[in-house]
Amino acid sequence: MALRHAVLAALLDGEYSGYQLAKAFDVGVANFWHALPQQLYAELARLEKEGLVTGRQVVQETRPNKRLFKVTDAGLAELEQFAASASKPSFIRDDLLVKVQAADRVGTGPVIEQLEERAAVAEAKIELFGKLLRQIRGEADEDEFLLRGERIGPYLTCLRGLAFERDNRHWCLRIATVLRERQPDRHRIP
C-alpha cells in the first residue's frame, strides 16, 4: 500500500483541506497508516497533479485562503483497483520488542518504564476509539449499525484499532510485570 491509497480512502468521507485531512489521519487512519502532515500535503499535490483528486480554493476573510480536496472518478477507480489487488501480510517492526528481546542481558528498569508508558498510550487510544465508535454509529447499537450503517469502513478500521490497542495494553502490562518479578531473581534457568 502506498500513502496515496490511504489519502484517497480518507477523502471518501468528503471534501477536506490539508489540515482537516491531517486531523482525520490522527483520529482514524493513524491506527493503520502513519503519516506526517508534510507527507500528506505533498501527497495531495501529487494526487491532484495526477488527476486523482481535485482541489478548489476557498477564500476566507479573516483567515488565509485554503484549498479543499475531493476524490475524482479517476481516484475512485484507483481505489477500486487497489482494493481488488492482493494484500501482503502485515508484520511488526517495533523497537520496543527489540529491547524486550534483549531483556535477559540488559537492565530491565528502562524497558519496564517504556512498557508502562506504551500501555498508558494504548489506554488513551482505547478511550479515543471508544468515543469515535460511538460518534460514528450515533444512536444505533453496534449490531444494527454494522447491518445497516451507511458507511461502515471507518467503523470497521476503528474496531481493528481498538482490538489492537487493547491487546497492546494487555501485553505491555503483562511483560512489565514479568520483568519486574524477575528483577531480584538472579537464579535463572539457562
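Is Thr157 buried, exposed or partly exposed? I found it partly exposed, with a relative accessible area of 27%; buried means under 20%, exposed over 50% and partly exposed in between, using a 1.4 Å probe and protein chains only.

I noted that this is a predicted model, in which local features need pLDDT of at least 70 and side-chain atom pairs count only at pLDDT 80 or more, while totals for chains, interfaces and linings use all residues. Residues are numbered from 1 along each chain as its sequence is written, and side-chain values use heavy atoms, with hydrogens and water left out.

I placed Thr157 in helix H8, residues 153–182. Helices are DSSP runs of H or I with at least four residues, strands are runs of E with at least two, and both are numbered from the N terminus. Phe129 is 28 residues from Thr157 in sequence and 9.9 Å from it in space, C-alpha to C-alpha.

Next I turned to helix H4, residues 73–84. Gly75, Glu78 and Leu79 are buried there. They cover an arc of only 95 degrees around the axis, so they lie on the same side of H4; the arc is that of the directions from the helix axis to the C-beta atoms. On the other side of H4, I listed Asp73, Glu80, Gln81 and Ala84 as exposed. The buried residues of H4 pack against helix H1 (3–10) and strand E2 (66–71), contact meaning heavy atoms within 4.5 Å.

Cys158 is buried at a relative accessible area of 3%, and Cys172 is buried at 0%.

How values were computed. The expected span of a helix is 1.5 Å times one less than its number of residues.
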